[in-house]
Amino acid sequence: MVKVNILDHPLIQHKLTQIRQKDTSTTQFRQMINEIGGLMVYEITRDLPLEQIEIETPVAKTKANVIAGKKMVVVPILRAGLGMVDGILQMIPSARIGHIGIFRDEETLQPVEYFAKFPEELDQRDIFIVDPMLATGGSAIAAINSIKQRGAKNIKLVCLVGAPEGVKAINEAHPDVTVYLASLDEKLNEKGYIVPGLGDAGDRIFGTK
């Protein structure tokens with residue numbers, strides 16, 4: 001039994017249906033990916049800790065809540081993960097950005113890290129790894145491994161669509177990492193594509209093939 005949080009808000013589901021369609025343009029696809037990322041922020045930040053501070057309104061002094069601790073870090077897995085960043089930053093403009101690039105070695109079929117750059121003090125920050133697709137889980141596991149090696153403890157994986165195989169792989173490799181999806185799809189096909197999925201998210205975001 002895979003452990004995953006499915007964000008079934010009507011606005012998320014409506015926009016997800018639009019980006020699934022093969023005739024959706026690059027411009028529309030890019031815009032919708034950003035919008036979905038922003039909408040998902042409400043759920044992925046639901047359990048952030050709060051602390052009270054004293055403020056003064058135009059009427060009186062009072063105590064009010066603010067987010068406690070260090071700033072959050074959004075880490076897109078290059079390149080498709082970049083498509084979700086702007087939407088998240090619109091909701092959390094103070095978040096810092098890390099980047100990690102991973103490709104699959106054609107001979108070994110293992111993920112290889114080719115770029116990594118993160119803010120300092122990851123052990124004191126809430127980390128959101130973002131990637132539109134969670135297929136086999138190989139790239140996500142490699143990204144989580146890399147970030148944990150740099151001290152991160154509080155990590156969430158945020159994707160649009162995922163396959164049960166990928167979620168299971170994350171659960172087994174990193175049971176402490178919470179997975180968030182807009183949709184848990186049916187399966188992977190023989191080529192490793194998510195079914196029904198939405199195609200190659202990177203190509204559709206950047207207009208490449």
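**Exercise 1.** Where is the place of His174? Determine also whether His174 is buried or exposed, and which side chain makes a polar contact with the side chain of His174.

*Solution.* The model is predicted: local features need pLDDT of at least 70, side-chain atom pairs count only at pLDDT 80 or more, and totals for chains, interfaces and linings use all residues. Residues are numbered from 1 along each chain as its sequence is written, and side-chain values use heavy atoms, with hydrogens and water left out.

Step 1. His174 is found in the loop between α5 (164–173) and β12 (178–181). Helices (H or I, at least four residues) and strands (E, at least two) are DSSP runs, numbered from the N terminus.

Step 2. The relative accessible area of His174 is 6%. Buried means under 20%, exposed over 50%, and partly exposed in between (1.4 Å probe, protein chains only). His174 is therefore buried.

Step 3. The partner is the side chain of Asn145, at 2.7 Å. A polar contact is a pair of N or O atoms within 3.5 Å; within protein, one must be able to donate a hydrogen and the other to accept it, and residues adjacent in sequence count only if both atoms are side-chain atoms.

**Exercise 2.** Compare the location and accessibility of Arg104 and Asp131, two of the residues that UniProt lists for "binding site" in an unreviewed entry.

*Solution.* Step 1. UniProt positions are given in the numbering used here, feature names are shortened, and annotations may be inferred rather than shown by experiment.

Step 2. Arg104 belongs to strand β6 (residues 99–104), whereas Asp131 occupies the loop between β8 (126–130) and β9 (133–134).

Step 3. Arg104 has a relative accessible area of 58% and is exposed; Asp131, at 13%, counts as buried.

Step 4. Not counting residues up to four places away in sequence, Asp131 touches several residues, including Ile77, Met84 and Leu160. Contact means heavy atoms within 4.5 Å.

**Exercise 3.** Describe the open sheet that contains β9, β11 and β13.

*Solution.* Step 1. Strands of a sheet pair through backbone hydrogen bonds, either parallel or antiparallel. Two strands pair if DSSP finds at least two bridges between them.

Step 2. Three strands stand in the order β9-β11-β13, with parallel pairing. The edge strands, β9 and β13 (183–184), each pair on one side only.

Step 3. Two bridges join β11 (residues 161–162) and β13 in the parallel sense. Within this part of the sheet, Val161 stands opposite Ser183 in β13.
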